[in-house]
Amino acid sequence: SSAASDVYKRQAYLRQMVRESRKPLVRIDAKHTGVHDDEAKKLPEESFNGLEKELEVAEDARVILISNLAVEHGLMNGTQGTIRRIIFRRGHHPNHEKPECRQPEVIVVDFPKYAGPRFYDDLERATWVPLRAVTRNAEGDTGATRTQFPLILGWAMTPWKAQGMTLDLSLIHISEPTRQ
C-alpha cells in the first residue's frame, strides 16, 4: 500500500541520517491499556488518530506533528519540526528490561513556526517545545488506549497527508510517467 511505502521511505531516510551522523536510533513502543498488548499492536494507527505502535526517531530527525496541541501557538496537525533532544527519566532507557521504562519522558522538538511562550531562556531555543506522549482511545467500543508521541517522521508523506499543509519546499517523486 502507499501508506506502507511512505513509512518505509521515512524509515530509510532516518536510517541513512543515523548512519551519517552517528546519532543513536531510538525505537519507542507505544503503551497500551484495555486489551492485551499483542491485540493492541494489531490495531491500525488510524484507530488511534494516527498514533504509531512503533516510532523510530533520532536527534536531528525531521518530524511532523499529528495532533492539535496548541493551535493558537502554531502546534497543530501538520506542523513540521526537528527533534533536538530525547530525554529519559533517570534510570529509564530504550533497552530497559521493563517495557514501561523504555519510553522517553519528553521529546524536545524545534518547531520554527512556534509562536507561544518560551520553554527555554536562551533565544536560540525560543522555538524548542518539549512534547510528552499523548493517550488516545481506539475508535469503536474496544476499550483500548494507545500512549505514544504524536509525531511521524517528516521526510516522505502521501499527498493526502500533505493536503492543506503550507510547505516551504517540496520534492515530488513521480514513479511512472503520466498520460493524458
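**Reading loops and cores**

Student: Why does Asp 60 count as partly exposed?

Tutor: Asp 60 has 31% relative accessibility, so it counts as partly exposed. The label "buried" needs a value under 20%, and "exposed" one over 50%. Keep in mind that this is a predicted model.

Student: Where is the place of Asp 60?

Tutor: Look in the loop between β3 and β4 (62-65). While you're there, check the backbone: Asp 60 has a positive phi of about 80°, although it is not a glycine.

Student: OK, on to the inside. How should I read a nonpolar core?

Tutor: Start with the general idea: in soluble globular proteins, nonpolar side chains tend to be buried together. Here, the largest nonpolar core has 24 residues. Val 57, Ile 83, Ile 107, Val 109, Phe 111 and Leu 151 touch the most other members.

Student: Which elements each supply at least two residues of this core?

Tutor: Among them are β1 (26-29), β5 (80-87), β6 (106-110) and β10 (151-153). The largest share, 3 residues, comes from α1.

Student: What does Val 57 touch, leaving out residues up to four places away in sequence?

Tutor: Its contacts include Leu 14, Pro 24, Val 26, Ile 83 and Ile 107.

Student: How many residues are in the second, separate core?

Tutor: That one has 8 residues, including Phe 48, Val 134, Ala 138 and Ile 152.

Note on methods: Residues numbered from 1 in each chain as written. Predicted model: local features only at pLDDT ≥ 70, side-chain atom pairs only at ≥ 80, totals over all residues. Heavy atoms only, no water. Helix = DSSP H or I, 4+ residues; strand = E, 2+ residues; numbered from the N terminus. Buried < 20%, exposed > 50% of the residue type's maximum accessible area, 1.4 Å probe, protein only. Core = buried A, V, L, I, M, F, W, Y, C linked by side-chain atoms within 4.5 Å. Contact = heavy atoms within 4.5 Å.
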